[in-house]
Amino acid sequence: AARRGLPIAIFDSPLDATVGTDYINFVATDNKAAGATAAQTLEALIGGAPAHGGQVLMIRFTEGSASTRLREEGFTAELANYPALKLAAQQFTDGSMAGAQRVAIGQHADHRRRA
């Protein structure tokens, strides 16, 4: 497409290519910053004296995904800045919204049994 003079914009996943030659722009999420923002938002919503001892469940969407890994890294690094919050459990889903819901329900039930 570039050789034919068509402008190319790349979204979300980088390619081994040169901007200006092979494509005109690249747009993606800074996943590490997004994970940090999630931890900041969580702390802002539940505050410095959260219920349940500040235990937090992290549901990770797709195992092996670079974006999931980077978001997790940003989240856990930022969460360390909030001593009232503790990562109690983390689990991957099957990559579906229904799978994420099953994980959340199962983890909540496990937590209630241990409490």
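Mentor: A volume is the space filled by probe spheres set on the points, which are joined across faces, edges and corners. This is a predicted model, where local features need pLDDT of at least 70, side-chain atom pairs count only at pLDDT 80 or more, and totals for chains, interfaces and linings use all residues. Residues are numbered from 1 along each chain as its sequence is written, and side-chain values use heavy atoms, leaving out hydrogens and water.

Trainee: OK, what volume does the largest pocket have?
Mentor: About 350 Å³. Its lining has 17 residues, and Gln55, Val56, Leu57, His108 and His111 are the closest to the centre.

Trainee: Which element gives the largest share of that lining?
Mentor: α3, with 6 residues. Helices (H or I, at least four residues) and strands (E, at least two) are DSSP runs numbered from the N terminus. α1 (31–46), β3 (55–60), β4 (86–92) and α3 (97–114) each supply at least two lining residues.

Trainee: And the second largest pocket, how much space is in there?
Mentor: About 270 Å³. β3 gives the most to that lining, 5 residues, and Val56, Met58 and Phe75 are among the residues that line this pocket.

Trainee: Switching topic: which residues make up the largest nonpolar core?
Mentor: Seven of them: Ala39, Val56, Met58, Phe75, Leu79, Tyr82 and Leu85. β3 and α2 each give two or more residues to this core. A nonpolar core is a set of buried Ala, Val, Leu, Ile, Met, Phe, Trp, Tyr and Cys residues joined through side-chain atoms within 4.5 Å. In soluble globular proteins, nonpolar side chains tend to be buried together.

Trainee: What is Tyr82 in contact with?
Mentor: Leaving aside neighbours within four places in sequence, Tyr82 is in contact (heavy atoms within 4.5 Å) with Ala39, Gln40 and Glu43.

Trainee: Last one: where is Ala84?
Mentor: In the loop between α2 and β4. Not counting residues up to four places away in sequence, Ala84 touches Gly48, Pro50, Gly53 and Gly54.

Trainee: Why is Ala84 called partly exposed?
Mentor: Because its relative accessible area is 23%; buried means under 20%, exposed over 50%, and partly exposed in between, using a 1.4 Å probe and protein chains only.

Conventions. On a 1 Å grid over the protein atoms alone, a cavity is a set of points where a 1.4 Å probe fits but cannot get out, and a pocket is an open set with protein on both sides within 12 Å along at least five of seven lines; lining residues have an atom within 4 Å of a point.
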